[in-house]
Amino acid sequence: MIKPYFADFDDITPPKIDNMSEQRLRLWHISAGVVIGLALWYLQWRWTVSLNPKAMIFSITVALAETMIFIGTILFFYDIWCEKETPKSPPPKTRSDLHLGGDGNIYVDLFVTTVDEGADLVSPSIIDAKALNIPAGVSLSIYVLDDGNRDSMRQLAKNHHVGYLSRQDNIGYKAGNLRNALLQTKGDFVVICDADTRVFPGFLQNTLGYFRDAKTAWVQTPHWFYDIPQGETWDNSLARVLKAPRPGLARLMRFLTGNNIIGRDPFLSDPVIFFDVIQRRRNRNNASFCCGAGSIHRREAIFANALQSKSQNIARLNGMLNTDDAGAGAQLVQIEPFKFHVSEDIFTSIQLHSRGWHSVFHPDIEARMLSPWTMKAWSTQRLKYAGGTYDIMLRANPIFRRGMPWQTKLHYAATFWSYLSVLWLPILLFAPVISLMTGLAPVKAYSFEFFMHFLPLLLVNEFAMYVACKGYNTHGGRMLAVSAFPLQLRGLWQVLRRKKLGFPPTPKTLFARKQLGFVYSSMFILAVFAASVGFGIWAFKMRVPGYSYSLLIVNFFWIFWNSFPFIKIISMSLWNPEKGRPCGQNNTMNKDISYAQ
């Protein structure tokens with residue numbers, strides 16, 4: 001039997017996740033205040049002094065985009081302002097510890113969801129689930145939830161002596177798969193695992209205690225991708241490409257790049273900032289939302305939410321039917337423990353948060369998962385995130401829901417605003433192109449006054465982000481946000497057209513061929529950038545009015561800077577999975593990482 005690629009990473013251990021120190025927290029708050037002050041000073045100058053009267057529409061449009069970025073910065077600062085952990089509690093001993101009625105054991109169901117993944121992927125997840133340390137007084141049942149209804153998966157479950165559940169249709173996709181299982185099982189708590197989710201032995205011991213709070217609906221643990229490609233040294237890379245060692249050239253590349261390793265995390269998949277910074281700090285206001293895999297849920301909360309949603313939908317449908325038959329709507333509405341939606345996890349989180357239930361983000365890593373290793377997987381994941389978020393924002397926005405505290409609403413607003421940046425990000429990306437093609441600048445002049453207002457803001461903001469994010473590399477996150485914007489635009493267009501959103505699972509199959517078909521938009525953008533640079537040089541040499549040294553230098557810099565994310569996405573499509581194999585050492589996560597959510 002061929003060994004799966006991820007088996008090479010089995011010995012990699014998870015990192016230790018530390019708290020934010022008091023000293024770093026104070027420095028973050030001070031630097032955040034300075035950033036806000038400098039940003040207000042800059043925007044006041046932009047709107048009152050710097051607008052270019054020769055290109056007023058262009059100038060106002062860019063200033064408006066900068067203002068939208070500032071609003072997003074304020075929301076993000078609020079999102080990550082400080083950590084406040086939910087106190088950890090020991091595992092329960094009796095049902096009453098978790099506010100459960102009756103006598104006997106506490107029953108936990110663990111679901112491994114699958115639709116088209118192979119046995120080589122699902123089997124390790126089952127094996128690790130069976131190796132859980134089960135607290136005294138707890139009874140665990142494991143089920144494979146096969147939405148592919150395959151004989152091979154049925155046999156796999158039988159071989160491992162775990163339950164097997166399937167259905168004849170795929171209504172609701174993953175959420176429907178979970179509903180089918182929930183209606184056939186009776187666990188007091190439900191652990192949700194994707195096909196590739198491999199829980200660590202202490203998962204139940206470390207999460208069940210949070211449910212001593214009767215209003216805790218779910219506990220979310222961090223996603224940790226243990227198969228993140230670790231890259232290779234410049235020495236090995238150059239020797240492989242040039243067919244011979246080149247130590248002098250390797251030293252030069254180390255000096256120029258400031259890094260001895262290249263090719264680490266080629267798809268910018270590492271989610272440490274999303275989980276250890278964003279989700280962890282949202283926990284202070286009961287706003288950490290469920291991310292599906294690696295979570296554990298109270299059955300009572302799931303069904304209470306589902307029944308309340310059903311009753312509201314029945315009332316709404318009966319009104320639409322304009323009938324006196326009170327049961328007409330009930331016959332058409334089915335219960336949905338998890339909302340049938342492409343983003344069922346965050347949608348259900350919104351419903352539960354609006355109805356008084358609590359969430360807990362447990363900061364320690366309790367499971368390992370697989371990251372995207374192909375452009376198809378990366379694009380599928382990004383498009384699904386974008387489409388689901390836009391659909392919720394436009395059709396079920398929690399900001400307008402009753403019952404949710406305003407503090408929690410602001411956290412959801414930060415999420416939605418980050419996705420709305422797809423509307424003003426292109427303005428800032430293509431402003432240098434417009435300047436180089438027209439000779440017009442979005443400011444009166446690239447003068448000393450401009451740099452005096454802009455550069456301090458840029459530098460202090462970089463420092464503040466470094467401090468706030470515990471020294472993690474935030475550049476990858478920015479690069480990801482820019483490179484994914486064509487997919488986000490596509491997701492927004494699908495939602496605006498009311499096109500039905502799909503529920504495709506992220507592929508876990510490797511492809512040997514190049515996948516340039518996913519990056520044509522990036523190639524087009526780079527071609528536009530290059531054409532504008534060429535035109536700007538020509539116009540300058542021809543002494544066309546408006547083309548000064550300062551205009552060319554500033555806009556060449558921004559074209560160069562804006563090109564990196566699109567070059568990165570093209571490199572993703574050319575990446576060879578063989579380069580991602582670990583080098584044999586026991587790698588652990590370091591600070592040179594970026595986020596994906």
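**Note on strand 2 and its neighbours**

1. Strand 2 and strand 3 (residues 163-166) pair in parallel through four bridges; strands count as paired when DSSP finds at least two bridges between them. Within this pairing, Val144 has Tyr164 of strand 3 as its bridge partner. The β-α-β crossover leading from strand 2 by way of helix 4 (residues 151-160) to strand 3 is right-handed, meaning that the path from the first strand over the helix to the second runs clockwise with the strands pointing away from the viewer.

2. The model is predicted: local features require pLDDT of at least 70 and side-chain atom pairs pLDDT 80 or more, while totals for chains, interfaces and linings take in all residues. Numbering starts from 1 along each chain as its sequence is written, and side-chain values rest on heavy atoms, without hydrogens and water.

3. Strand 1 (residues 106-114) runs parallel to strand 2, and nine bridges join them. Ile106 lies opposite Val138 of strand 2. With helix 3 (residues 119-130) between them in the listing, strand 1 and strand 2 form a right-handed β-α-β unit.

4. Strand 2 (residues 138-146) is largely enclosed by the rest of the structure, because seven of its nine residues are buried. Buried here is under 20% relative accessible area, with a 1.4 Å probe and protein chains only.

5. For the protein chain, the secondary structure amounts to 20 helices and eleven strands, taken as DSSP runs (helices H or I, at least four residues; strands E, at least two). Of its 597 residues, 54% are buried. Among contacts (heavy atoms within 4.5 Å) with a separation of 6 or more, 83% are between residues 24 or more positions apart.

Technical notes
Buried < 20%, exposed > 50% of the residue type's maximum accessible area, 1.4 Å probe, protein only.
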